[in-house]
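Me: I would like to go through the side-chain packing of this protein. Could we look at the model together?

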Amino acid sequence: MDWWRTQHGQHIRRYIGIIGLELVIIMVLVAVNNRPERETAEPEATATYEPLVLYATVDAHATDAEPVTTYYDVPLSEDVQDELFALCEEYDLDPSLVLAIIEVESGFDADVISSTDDYGLMQINSSNFEWLAEELGIIDFLEPTQNLRAGCYILYQCLQMTDGETDKALMIYNMGLSAASEAWELGVTGTSYTRAVLEVMEDYA
């Protein structure tokens with residue numbers, strides 16, 4: 001086998017080595033191509049969170065306490081005043097105006113009935129009972145909260161008719177639309193009643 005060491009034999013060995021290497025490469029490629037595809041798992045759902053809001057400034061005086069209602073120093077219970085505040089918000093009325101009307105009309109006497117047949121805190125005339133009962137469901141005009149609803153509703157309508165002019169609205173509330181209109185035609189836009197209410201109103205403002 002000395003020919004294996006000859007130059008010719010060296011060429012043969014080189015070719016055998018190259019062929020062997022190529023066979024190894026081919027086997028690797030075949031193995032890779034025949035490898036089964038690996039299933040990819042679905043990505044796990046990630047939890048979602050509400051964004052955290054950070055405030056740049058902190059009010060050192062801020063508290064979580066509920067707002068405190070300030071009640072007027074008048075002979076009306078807190079429950080009645082709560083109803084008054086709610087009605088004023090509903091009808092867009094100034095509470096100080098409503099309180100002034102009550103003071104001038106009844107002196108905060110919920111049971112008073114005048115000689116002209118006006119009832120309760122806001123002195124609702126009996127001529128209004130039927131339509132107010134139909135529109136608002138009021139059945140007791142001496143009951144404070146029902147009386148307040150009737151009076152605030154009438155005052156709201158008076159202000160609507162006068163485009164928010166308080167003096168004229170108070171004239172309608174006190175005299176009725178017909179008598180107030182006659183007074184306006186004579187150039188009268190205020191009375192002793194309207195002046196009294198507006199003066200008292202300043203005490204509640």
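This is a predicted model: local features need pLDDT of at least 70, side-chain atom pairs count only at pLDDT 80 or more; totals for chains, interfaces and linings use all residues.

Me: Which residues touch the most other members of the largest nonpolar core?
Reply: Val98, Ile101, Met122 and Tyr173 do, in a core of 43 residues.

Me: Which elements give two or more residues to this core?
Reply: They are helices H2 (78-91), H3 (95-106), H5 (144-161), H6 (166-175), H7 (177-185) and H8 (192-204). H5 gives the most, with eight residues.

Me: What is Tyr173 in contact with, leaving aside neighbours within four places in sequence?
Reply: Its contacts include Ile101, Met122, Ile154, Leu155 and Tyr193.

Me: Now the rings. How many aromatic pairs are there?
Reply: The count comes to eight. In one of them, Tyr72 and Phe85 have ring centres 6.2 Å apart and planes at 45°, so this pair is tilted. Tyr72 lies in the loop between helix H1 (7-33) and H2, and Phe85 in H2, so the pair ties together parts 13 residues apart in sequence.

Me: Why does Phe85 count as partly exposed?
Reply: Its relative accessibility is 21%, and buried would require under 20%.

Me: What about Phe129 and Phe141, stacked or tilted?
Reply: That pair is stacked, because the ring planes are at 10°, with the centres 4.0 Å apart. Phe129 is in helix H4 (residues 129-136) and Phe141 in the loop between H4 and H5.

Me: Is Phe141 buried or exposed?
Reply: Phe141 is buried, with a relative accessible area of 6%.

Me: Where does the charged end of Lys168 sit?
Reply: It sits over the ring of Trp184, 5.2 Å from the ring centre.

How values were computed. Residues are numbered from 1 along each chain as its sequence is written. Side-chain values use heavy atoms; hydrogens and water are left out. A nonpolar core is a set of buried Ala, Val, Leu, Ile, Met, Phe, Trp, Tyr and Cys residues joined through side-chain atoms within 4.5 Å. Buried means under 20% relative accessible area, exposed over 50%, partly exposed in between (1.4 Å probe, protein chains only). Helices (H or I, at least four residues) and strands (E, at least two) are DSSP runs, numbered from the N terminus. Contact means heavy atoms within 4.5 Å. Rings of Phe, Tyr and Trp (its six-membered ring) pair if their centres lie within 6.5 Å; planes under 30 degrees apart count as stacked, over 60 as edge-to-face and the rest as tilted. A charge sits over a ring if NZ of Lys or CZ of Arg is within 6 Å of the ring centre and within 35 degrees of the ring normal.
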